[in-house]
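The sequence and the structure are shown first, and the description follows.

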Amino acid sequence: MTAPNGRQAGATRDDTVAAVVRQWQAVHPDLDTGPMEIIGRVNRCAALLQQAEDAPLRRAGLSRPEFDLLGALRRTGHELTPGDLARETFSSGAAVTKRLKVLTERGLVERRGDTRDRRVAHVRLTDAGRDLVDGILPAQLAYETAVLSGLDPAGQDELAGLLGGLLEQLEGRLGALRG
């Protein structure tokens with residue numbers, strides 16, 4: 001079945017989204033389901049990746065969001081406030097506060113008050129936190145490589161470029177809406 005934009009919608013794929021697209025085309029053959037083919041697949045991939053979790057992180061007793069906080073502290077190389085961490089990890093302040101409590105209890109991060117403003121906290125990695133991130137990162141990257149192994153390197157590069165372009169566009173639009 002050809003969509004109004006001339007594409008063979010879902011014709012070359014046999015994934016869950018292709019089945020959904022075929023169903024919509026049967027109900028509304030006049031609609032262009034092309035956007036659904038992209039957004040639906042991005043959302044489905046994200047959901048499956050989230051369900052699969054991250055094996056190296058799970059073995060270390062970390063969730064992806066906890067690792068993201070530790071990683072932000074490690075890659076920036078300096079103390080960050082909880083607000084900075086929320087921006088770095090695209091998380092809410094409340095979520096960051098909850099995660100920092102857990103990571104502090106595990107001895108992976110330390111919080112200290114600001115000398116000028118008692119309402120501000122500064123967070124830094126402990127030596128144990130730094131060692132954990134440095135130990136997990138190679139295994140995590142190997143896991144992610146295995147997840148992507150079904151795509152050849154050229155396909156991975158193309159996908160990264162296409163997703164990067166979409167992300168830049170979306171971040172620009174959303175940033176303009178917030179401003």
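## Surroundings of arginine 41

Leaving out residues up to four places away in sequence, arginine 41 touches Arg13, Asp15, Val17, Ala18 and Met36. The model described here is a predicted one. Arginine 41 is placed in helix H2, and a polar atom of its side chain lies 3.2 Å from the backbone oxygen of glutamate 37.

## Overall architecture

The secondary structure of the protein comes to eight helices and two strands, and along the sequence they follow the pattern α-α-α-α-α-α-β-β-α-α. Of the 179 residues of the protein, 27% count as buried. The accessible surface comes to about 12,000 Å², and 58% of that surface belongs to carbon and sulfur atoms. Among contacts between residues at least 6 apart in sequence, 50% join residues at least 24 apart.

| Helix | Residues | Span | Expected span |
|---|---|---|---|
| H1 (residues 16-27) | twelve residues | 17 Å | 16 Å |
| H6 | 13 residues | 18 Å | 18 Å |

In H1, the buried residues are Val17, Ala18, Val21 and Gln25. Helix H2 (34-52) is included in what covers the buried residues of H1. At the start of H1, a side-chain oxygen of aspartate 15 comes to within 3.0 Å of the backbone nitrogen of valine 17. Both Asp15 and Val17 are among the residues that arginine 41 touches.

H6 buries Ala95, Val96, Leu100 and Leu103. Seen down the axis, the buried residues of H6 fall within an arc of 130°, and therefore they line one face of the helix. The face turned away from this buried side carries the exposed residues Ala94, Lys98, Lys101 and Glu105. The buried residues of H6 pack against H4, H5, strand E1 (109-113) and E2.

## The largest nonpolar core

Which residues have the most contacts inside the largest nonpolar core? They are Leu62, Leu70, Leu73, Leu85, Leu100, Leu103 and Val109, in a core of 20 residues. At least two residues of this core come from each of helix H4 (64-76), helix H5 (82-89), helix H6 (93-105), strand E2 (121-125) and helix H7 (127-147). H4 supplies the largest share, five residues. Leucine 73 is in contact with His78, Leu80, Leu85, Val109, Val123, Arg124 and Leu125, leaving aside its neighbours within four places in sequence. In soluble globular proteins, nonpolar side chains tend to be buried together.

Most residues other than glycine have a negative phi. Phenylalanine 90 is not a glycine, yet it has a positive phi of about 55°. Phenylalanine 90 lies in the loop between H5 and H6 and is exposed, with a relative accessible area of 72%. Just after H6, glycine 107 also takes a positive phi, of about 75°.

Key
Residues are numbered from 1 along each chain as its sequence is written. This is a predicted model: local features need pLDDT of at least 70, side-chain atom pairs count only at pLDDT 80 or more; totals for chains, interfaces and linings use all residues. Side-chain values use heavy atoms; hydrogens and water are left out. Helices (H or I, at least four residues) and strands (E, at least two) are DSSP runs, numbered from the N terminus. The expected span of a helix is 1.5 Å times one less than its number of residues. Buried means under 20% relative accessible area, exposed over 50%, partly exposed in between (1.4 Å probe, protein chains only). Contact means heavy atoms within 4.5 Å. A polar contact is a pair of N or O atoms within 3.5 Å; within protein, one must be able to donate a hydrogen and the other to accept it, and residues adjacent in sequence count only if both atoms are side-chain atoms. A nonpolar core is a set of buried Ala, Val, Leu, Ile, Met, Phe, Trp, Tyr and Cys residues joined through side-chain atoms within 4.5 Å. Accessible areas come from the Shrake-Rupley method with a 1.4 Å probe; for residues, only the protein chains shown count as cover. The arc is that of the directions from the helix axis to the C-beta atoms.
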